[in-house]
Amino acid sequence: MSIPRATARLQFHKDFTLDDAAGVVDYYAGLGITHLYASPILTARPGSMHGYDVVDPTRLNPEVGGEPALRRLVARLREAGMGLIADIVPNHMGVGPDNPWWQDVFEWGPDSRYAGWFDIEWHSTDPALEGKILAPFLGQPYGDALRAGEIRLEFDKASGKLFACYFNHRFPLAPSTYAMVLRDDVEISDALSRFSAETADGVEALHRLLERQHYRLTWWRNAAEEINWRRFFEVSDLAGVRVEKDEVFEATHALIFRLYAEGLIDGVRIDHVDGLANPGAYCRRLRQRLEELAPGRPAGAPQTAPYIIVEKILAAGEQLRPDWG
C-alpha cells in the first residue's frame with residue numbers, strides 16, 4: 001500500500017468535508033483505488049473552495065472537519081485497505097487578516113519574528129518603501145480611497161488593537177503609533193472620529209498616521225512596478241514563503257510530520273515545487289525527515305518508505321532529476 005496503484009483526488013471544502021469522503025470510501029475501493037489523494041487540508045482562508053491559500057499551517061482546516069474528521073476518514077480507509085496522500089503547499093501562503101504570521105509582519109515590520117519568513121525586500125531604492133512592505137490591495141488610487149472614506153480607523157475590543165480597515169482587509173497599526181490616536185482624556189470613539197474622512201482635517205490626520213506604518217497602502221495596479229515581496233506568480237493575495245530557512249521549514253511542516261508519524265497520511269504531493277528556492281534540496285530534506293519518522297508509525301499504517309510526488313513543470317527535453325528523491 002506504500003506505492004499507489006490508482007488514486008482518486010478529492011477536493012475538500014466547506015460543502016465536501018472529510019466526513020463526506022468517508023462515505024465514498026467503499027465506492028472507490030470497489031473501483032480498485034488504493035489511495036485517496038486529498039486537496040490541501042490545512043487551514044485555508046475562510047470559504048476557500050480549493051485550499052491552496054493556506055493561512056495557518058499549524059492547524060487542520062475546521063471547515064473540512066478538522067482532525068477528528070480526519071481520524072474518522074483514515075479509520076475507514078484502513079478498514080478498506082487504502083491509504084491517504086496529502087497535497088501540501090510549501091511555496092506560498094494566503095495573506096490577509098486570517099494569517100497571523102502575515103499580520104504580525106504588518107504590525108511590527110522588520111522587527112517581527114516572521115519578517116524573514118516571507119520573501120520581502122525591506123531595503124528599497126524607493127525611500128517610500130524603506131523598511132515597509134507594499135500593500136497593493138486598494139481598488140482605486142490611495143488618495144481617492146482615502147478621500148472616499150474607504151479606509152477607516154477601527155478599534156478591536158477583543159484584541160485591544162487598532163486597525164486601518166479597507167473592506168475585508170484589516171491592517172494593524174504599529175504599536176509605536178498608538179500615541180497618535182489614543183489620549184487619556186478622550187473616549188476611543190471620539191479619538192477615532194478625528195481620523196474620519198468626513199472632514200479635510202480627518203483625511204490629513206489619517207494620511208499622516210498611515211505614513212508611519214510598516215506598510216504602504218496602494219492601488220492594486222501599482223503592484224507590477226512597485227512590489228517588494230515575492231508572490232505566487234502575480235497573485236497579490238498569495239505570498240512566497242522562505243521554506244529554505246530551517247525555522248520556516250520546521251514550522252510550516254510540523255503538523256504534516258505529526259500526521260505522518262501518527263499514520264494519518266502515507267505520503268505527500270508537493271504543490272508547485274518550481275517556486276522554491278532550491279527544489280532538490282527541499283525534496284531531499286523532506287524525504288529525510290519523513291523517513292526518520294517512519295519507524296515510529298503505528299501498526300495499522302504501512303511500514304514502508306513514505307511516498308512523495310511533486311508537481312513539476314518540465315521544459316522541452318528536461319527530465320526530472322533522479323537525485324531529488
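The model is predicted: local features need pLDDT of at least 70, side-chain atom pairs count only at pLDDT 80 or more, and totals for chains, interfaces and linings use all residues. Residues are numbered from 1 along each chain as its sequence is written, and side-chain values use heavy atoms, without hydrogens and water.

Helix α9 covers residues 246-261. Helices here are DSSP runs of H or I with at least four residues; strands are E runs of at least two, and both are numbered from the N terminus. Gly263 follows α9 with a positive phi, near 75 degrees.

Now the sheet. It is open, with 3 strands in the order β8-β9-β10, paired antiparallel (pairing needs at least two DSSP bridges between two strands). β8 (151-156) and β10 (169-172) are the edge strands, each pairing on one side only. Strand β9 (residues 161-166) is joined to β10 by 4 bridges. Tyr166 stands opposite His169 in β10.

Helix α4 (residues 100-108) lies across β9 and β10. Its buried residues are Trp101, Trp102, Gln103, Val105, Phe106 and Glu107. At the start of α4, a side-chain oxygen of Asn99 comes to within 3.0 Å of the backbone nitrogen of Trp101. Just after α4, Gly109 has a positive phi of about 60 degrees.

How values were computed: Contact = heavy atoms within 4.5 Å. Axes fitted to C-alpha atoms, helices over the stretch in contact; angles between N-to-C directions. Buried < 20%, exposed > 50% of the residue type's maximum accessible area, 1.4 Å probe, protein only. Polar contact = N/O pair within 3.5 Å; in protein donor to acceptor, adjacent residues only side chain to side chain. Expected span 1.5 Å × (residues − 1).
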